[in-house]
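This report looks at charged side-chain pairs and at one packing of helices. Please have the sequence and the model at hand while reading.

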Amino acid sequence: MRSILKKLLLLFFYLTISDLAIAQTSQIKVIAIGGDGIYSILRKNGLEPTKHYRAFIKLNKENLTVNNGVLKGRTYILPTIEKDTIGNNETPSITDKIESKIIEKPNDNLLPKKQINDPLFGKDYDVVPLESSNLNGAIYYLISGHGGPDPGAIETYNGKLISEDEYAYDVTLRLARRLISNGAKVYIIIKDENDGIRDKKILEVDYDEVNYPDKPISKSQKLRLRQRTKTVNNLYLKHKGAYQRLIVTHVDSRSKSKNIDVFFYHHHNSKSGKQLAKNIHKSFKEKYAKHQPNRIYSGSVKSRGLYLIKNTLPAMVYIELGNIKNKKDQKRILNYENRKALAKWVFNGVLADYNESKSLH
């Protein structure tokens, strides 16, 4: 009798403890709204995406799309804050495609490398001199807007078609080359193997751009955005702990009468993203004051909830280079010397941001 009573007491104690444990780990649920992704849901609820991304997928697998997209109106369970769900062994493994071949003189292996060769920059710019180590340790992801089946904003100039993606890509390549030349590691997310940097006014429109490393770009806008977002986020997790920044470049499309200066967007909750945008904005402001002292520079820095801004993990800046339909803005992007200057001014702001970040740590 005493033995049976003891077993009953132990069973009661076990059930009570189990109930308490369940109560202490009660699940918090949220409903997805339009434009939400896993990263934005986690951010909005105070959870670090890099730590809780995989746990979210495990908890909500049945309510996610094939590409781990969330569905508007569905209810999702949030991971518990106490649990760190990503360990070192869970970091996504991505094999980098080696895009640069080191050029060295025979028997010169002990000397510092002076240059690299990257055919992506085109035959006139494929040799990249390594000028400094100012950005050693920095990692940049560069996305030029649209690409592949989507040329972005289009217009005709002297009877020829011009498109947003070609001019944004040219500026992006020029920026990438400067970053690499100063020691940075650069991932060009949207790329075209046969364009390179082009010192031309009219850049021929084509549709053969691919998503890093060599994936076709979807015809669906939603899938395109998810594809490049996923690429950047996987690379970000691979380099977790390093200084990482994302720079997205676009050319706007407005009424022909609307002349605009280069302006910048950032995530409203990202202090680092805002600081990056402000540093590049400052660079442009200084250059306009020097080269066009009688003209007021009206470029702005604002937050905005665009898909890439909301769902990518690195601190980022989204740059609009001008209005492709406006005659004055066309002069800015069609003249290759201007595109060269745009890339240089962005680079100056990026370098200032990196130095500022280092001084704070």
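Does Glu-155 count as buried or exposed? In this predicted model, Glu-155 has a relative accessibility of 10% and counts as buried, because buried means under 20%.

**Salt bridges**

Glu-155 has a charged partner: Lys-325 forms a salt bridge with Glu-155, and their closest N and O atoms are 3.2 Å apart. The two residues belong to distant parts of the chain, 170 residues apart. Glu-155 is in strand S7 (residues 154–157), while Lys-325 is in the loop between strand S16 (315–323) and helix H8 (327–334). With a relative accessible area of 23%, Lys-325 is partly exposed.

The structure holds 14 salt bridges. Another of them joins the side chains of Arg-295 and Asp-261, at 2.5 Å from N to O.

| Residue | Relative accessible area | Class |
|---|---|---|
| Lys-44 | 52% | exposed |
| Asp-36 | 10% | buried |
| Arg-295 | 27% | partly exposed |
| Asp-261 | 4% | buried |

Lys-44 is classed as exposed because its value of 52% falls in the range over 50%. Salt bridges can also join into a network, as they do for Asp-170, Arg-174, Asp-199 and Arg-339.

**Packing of H6 and H9**

How do H6 and H9 lie to each other, and at what angle do they pack? The axes of H6 and helix H9 (residues 336–360) are 8 Å apart, and the angle between the helices is about 130°. H6 and H9 are therefore oblique to each other. The crossing of H6 past H9 is right-handed.

Residues on both helices make the contact. On H6 they include Leu-276, Ile-280, Phe-284 and Tyr-288. On H9, Leu-342, Trp-345, Val-346 and Val-350 are among them. The contact of H6 with H9 is made up of nine nonpolar, six polar and three charged residues. Lys-287 of H6 and Asp-353 and Glu-356 of H9 take part in the contact as well.

Methods. Residues are numbered from 1 along each chain as its sequence is written. This is a predicted model: local features need pLDDT of at least 70, side-chain atom pairs count only at pLDDT 80 or more; totals for chains, interfaces and linings use all residues. Side-chain values use heavy atoms; hydrogens and water are left out. A salt bridge is a side-chain nitrogen of Lys or Arg within 4 Å of a carboxyl oxygen of Asp or Glu. Buried means under 20% relative accessible area, exposed over 50%, partly exposed in between (1.4 Å probe, protein chains only). Helices (H or I, at least four residues) and strands (E, at least two) are DSSP runs, numbered from the N terminus. Axes are lines fitted to C-alpha atoms, for helices over the stretch in contact, and angles run from 0 to 180 degrees between N-to-C directions. Angles under 35 degrees count as roughly parallel, over 145 as roughly antiparallel, 65 to 115 as roughly perpendicular and the rest as oblique. A crossing is left-handed if the near helix is turned anticlockwise from the far one by less than a right angle, and right-handed if clockwise. Contact means heavy atoms within 4.5 Å. Ala, Val, Leu, Ile, Met, Phe, Trp, Tyr, Cys and Pro count as nonpolar, Asp, Glu, Lys and Arg as charged, and the others, Gly among them, as polar.
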